Amino acid sequence: MRKNPVSTRAFGVLLAVLMLLSAAFVAPRAQTAKPLTKTELYAAFLQYEGLFIYDAAPLYTVRHSLDLLLAYEESFDRYAQLYQVPKSLVEVSVLRELFYYNLLDWGADIFVSAYYETALLSEKRGTQEAFAQIEPLFFKQDASTGVAQIFVTTAYNNAIDVLNWAAETGVRPGGRVYDAANVQDRYDLWFALKDDPDFSIEVMTLIHLRNALLADPTQGFRAEDLSEDEIKWIFARFNTGTLDSDHTVDCYAYFLLFEQYNASEI
Ligand SMILES: [Ca+2]
């Protein structure tokens with residue numbers, strides 16, 4: 001049977017359109033999205049106000065969280081550049097922690113502060129035995145703290161593991177190595193995380209770098225080279241979640257907004 005040249009051409013056009021459409025579906029994430037101004041970034045996030053506060057007594061509103069986050073821009077820039085980790089990844093993880101920072105976090109910090117101050121005092125006075133008896137009743141040895149809500153020893157992504165890894169692998173040359181059994185080491189690190197946002201942001205950057213490298217040593221870190229799932233895994237590993245957990249899904253949505261906002265700076 002003789003082919004109809006018109007329908008062959010139509011088929012070719014249809015095929016080309018389908019190929020273009022499928023290419024659009026697998027195209028890298030939101031790279032062509034227009035940059036966001038600061039006002040547009042705030043407007044995008046203010047839609048979330050009140051929606052993601054599941055815990056009791058949040059201490060920061062969405063606007064306050066964004067104000068705090070953007071005040072640390074210099075630190076995000078510095079560590080993103082130093083460790084070659086996309087800035088938006090680190091900003092989003094810190095922002096999410098600020099959204100969820102609540103009265104219980106604040107209270108836990110007081111119990112941990114009291115623990116460390118008393119533990120060191122008891123060492124100086126030689127009264128560790130008496131201290132050990134009251135310690136489980138009145139004190140807490142660790143809590144997530146600071147702008148990035150990082151634990152010193154007790155979580156998977158704890159600061160001692162991350163900083164020791166960074167020092168020992170040469171990622172952070174000359175970096176201090178901490179002994180988790182030493183109260184003074186834990187004291188120094190916990191208060192640094194609690195009181196120094198710049199240091200917390202450095203540790204948060206290293207957490208993402210370590211998790212990604214442990215999962216895939218060949219991992220590249222240019223945001224535009226990472227697939228949606230690769231980015232989601234980076235967030236999931238920080239929160240020991242999965243690709244479809246609320247934390248991961250929310251962080252990915254925030255990430256796309258921050259990529260647009262940061263693109264406006266270039
Ligand atoms: Ca906390």
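Q: At what angle do helix H8 (residues 159-168) and H10 pack?
A: This is a predicted model: local features need pLDDT of at least 70 and side-chain atom pairs count only at pLDDT 80 or more, while totals for chains, interfaces and linings use all residues. Residues are numbered from 1 along each chain as its sequence is written. Axes are lines fitted to C-alpha atoms, for helices over the stretch in contact, and angles run from 0 to 180 degrees between N-to-C directions. The axes of H8 and H10 are 10 Å apart, and their angle is about 75°.

Q: Which residues of H10 make the contact with H8?
A: Two residues are in contact if their C-beta atoms, placed from the backbone, lie within 7 Å. H8 brings Ala159, Val162, Leu163, Trp165 and Ala166 to the contact. From H10 come Val203, Leu206, Ile207 and Arg210.

Q: How many nonpolar residues does the contact of H8 with H10 have?
A: Ala, Val, Leu, Ile, Met, Phe, Trp, Tyr, Cys and Pro count as nonpolar, Asp, Glu, Lys and Arg as charged, and the others, Gly among them, as polar. In the contact of H8 with H10 there are no polar residues and one charged residue. The number of nonpolar residues is eight.

Q: What are H2 and H3 to each other in orientation?
A: The axes of helix H2 (residues 38-46) and helix H3 (residues 62-71) come within 10 Å and cross at roughly 140°. H2 and H3 are therefore, to each other, oblique.

Q: Where is Gln149 placed?
A: Phi of Gln149 is near 50°, a positive value in a residue other than glycine. The residue is placed in the loop between helix H7 (128-138) and H8.

Q: Does Gln149 count as buried or exposed?
A: A residue is buried if 20 or more other C-beta atoms lie within 10 Å of its own, exposed if 12 or fewer, and partly exposed in between, with C-beta atoms placed from the backbone. Gln149 has 20 C-beta neighbours inside 10 Å, so it counts as buried.

Q: Does Gln84 count as buried or exposed?
A: Gln84 is found in the loop between H4 and helix H5 (87-100), and has a positive phi of about 55° although it is not a glycine. Because Gln84 has 12 C-beta neighbours inside 10 Å, it counts as exposed.

Methods:
Helices (H or I, at least four residues) and strands (E, at least two) are DSSP runs, numbered from the N terminus. Angles under 35 degrees count as roughly parallel, over 145 as roughly antiparallel, 65 to 115 as roughly perpendicular and the rest as oblique.
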